[in-house]
Amino acid sequence: MNEKIEIHVMSIVGTPANDKIFAAILGDKEERRYFPIIVSGTEAQAIITAMQHVMLPRPTVYDIFTSFIRESGHNLEETVIYKADNGIFSAWLCFDNDLRIDAKASDAIALALRMRSLIYVYENILNENDMARHMAERKHTPEEDMQALQKKLDKAVKNENFELAIKLRDIIKELTSKKDNPEE
C-alpha cells in the first residue's frame, strides 16, 4: 500500500551558480529521509516568509488565496505530493468540502504553510527521491556523476524541457567550477 508520509520543509537552499534557482528540502518528521524540489526565487520567498511568519507590506498571491479560502468558510485540510516526474513534483490541495485541486508542489507548500495544514508525500515518491538513501548507496565516481548529469541534460534538450535543461546546465557548470577550483 502506498502510504502518505507527513513531511515538512527542512530548509531552503540556493546555488552559487544561479541566484534564481533554489531547492526546498522536504523531510519526514525524523529527518531521516529527505528530498529536494527545485523552486523559483518567488516560490522560495513565499515559503520562507510563511515559515518565519513574516508579514510583507502588501499581500502576495498566496496571501490573497489564503484570505479567500478562509473568508469563504473553507479550510485546506492537507496537501499531498502525489507525483514526481523528471524532477517536477505535483500536489493536491485537499479542502474540507472534498474539493481537490492540482497544483505545483512548490505553490501548494507555500499555501499549506500559510493555512497551517499538514503536508504529505506518498511513500513511493519519498523512497524514490530520498537523498539520504541515494548518498548511502552512492558508488559512482564524480566523472560518472557528471556523465549522468550530461545525459539527463541531453535528454531534457531532446524533449524540449528547457526549464530542466537550464537547471541541469547550471548544476554542471557549478560542479565543473568546483572541480577546476577546489579551494572555492
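Biologist: Does Gln147 count as buried or exposed?
Modeller: Gln147 has a relative accessibility of 51%. Under 20% relative accessible area is buried, over 50% is exposed, and in between is partly exposed (1.4 Å probe, protein chains only). Gln147 therefore counts as exposed.

Biologist: At what pLDDT do side-chain atom pairs count?
Modeller: Residues are numbered from 1 along each chain as its sequence is written, and side-chain values use heavy atoms, without hydrogens and water. This is a predicted model, where totals for chains, interfaces and linings use all residues, local features need pLDDT of at least 70, and side-chain atom pairs count only at pLDDT 80 or more.

Biologist: How far apart in space are Gln147 and Ile172?
Modeller: Gln147 lies in helix H6 (residues 142-158). In sequence, Ile172 is 25 residues away from Gln147. C-alpha to C-alpha, the two are apart by 9.7 Å.

Biologist: What pattern does the protein follow along the sequence?
Modeller: Elements are DSSP runs numbered from the N terminus: helices are H or I with at least four residues, strands E with at least two. There are 7 helices and 7 strands. Read along the sequence, they give β-β-β-α-α-β-β-β-α-β-α-α-α-α.

Biologist: What share of the contacts with a separation of 6 or more comes from residues 24 or more positions apart?
Modeller: The protein has 184 residues, and buried ones make up 35% of them. A contact means heavy atoms within 4.5 Å. Of the contacts with a separation of 6 or more, residues 24 or more positions apart account for 50%.

Biologist: Which helices do the buried residues of H1 pack against?
Modeller: H1 spans residues 41-51, and its buried residues are Glu43, Ala44, Ala46, Ile47, Thr49 and Ala50. Their strand partners are E1 (4-15), E2 (18-28), E3 (34-40) and E6 (100-104). They also pack against two helices, H2 (61-71) and H3 (105-115).

Biologist: Which residues are in contact with Thr49, leaving aside its neighbours within four places in sequence?
Modeller: Thr49 lies in helix H1. Its relative accessible area is 8%, so Thr49 is buried. Neighbours within four places aside, the contacts of Thr49 are Val54, Leu56 and Arg114.

Biologist: Why does the pair of Phe35 and Phe89 count as tilted?
Modeller: The structure holds 3 aromatic pairs. Rings of Phe, Tyr and Trp (its six-membered ring) pair if their centres lie within 6.5 Å; planes under 30 degrees apart are stacked, over 60 edge-to-face, the rest tilted. Phe35 and Phe89 have ring centres 5.5 Å apart, and the pair is tilted because the planes are at 35 degrees.

Biologist: How many residues apart are Phe35 and Phe89?
Modeller: Phe35 counts as buried at 0% relative accessibility. Phe89 counts as buried at 8%. The pair links distant parts of the chain, with Phe35 in strand E3, Phe89 in strand E5 (residues 88-95), and a spacing of 54 residues.

Biologist: Which class does the pair of Tyr82 and Trp92 fall in?
Modeller: The ring centres of Tyr82 and Trp92 are 4.0 Å apart. Their planes are at 5 degrees, so the pair is stacked.

Biologist: How many residues apart in sequence are the parts that Tyr82 and Trp92 tie together?
Modeller: Tyr82, at 21% relative accessible area, is partly exposed. Trp92, at 18%, is buried. Tyr82 sits in strand E4 (residues 76-85) and Trp92 in strand E5, so the separation of the parts they tie together is 10 residues.

Biologist: Which residue joins Tyr82 and Trp92 in a cluster?
Modeller: Ring pairs build this cluster. Tyr82 and Trp92 are linked there with Tyr122.

Biologist: How far from the ring centre of Trp92 is the charged end of Arg100?
Modeller: A charge sits over a ring if NZ of Lys or CZ of Arg is within 6 Å of the ring centre and within 35 degrees of the ring normal. Lys4 does this with Tyr120, at 4.9 Å from the centre. The charged end of Arg100 sits over the ring of Trp92, and its distance from the centre is 3.8 Å.

Biologist: Which residue has its backbone nitrogen 2.7 Å from a polar atom of the Asp28 side chain?
Modeller: Asp28 is in strand E2 and is buried, with a relative accessible area of 3%. The backbone nitrogen of Arg32 lies 3.0 Å from a polar atom of the Asp28 side chain. The backbone nitrogen at 2.7 Å belongs to Glu31.

Methods
A polar contact is a pair of N or O atoms within 3.5 Å; within protein, one must be able to donate a hydrogen and the other to accept it, and residues adjacent in sequence count only if both atoms are side-chain atoms.
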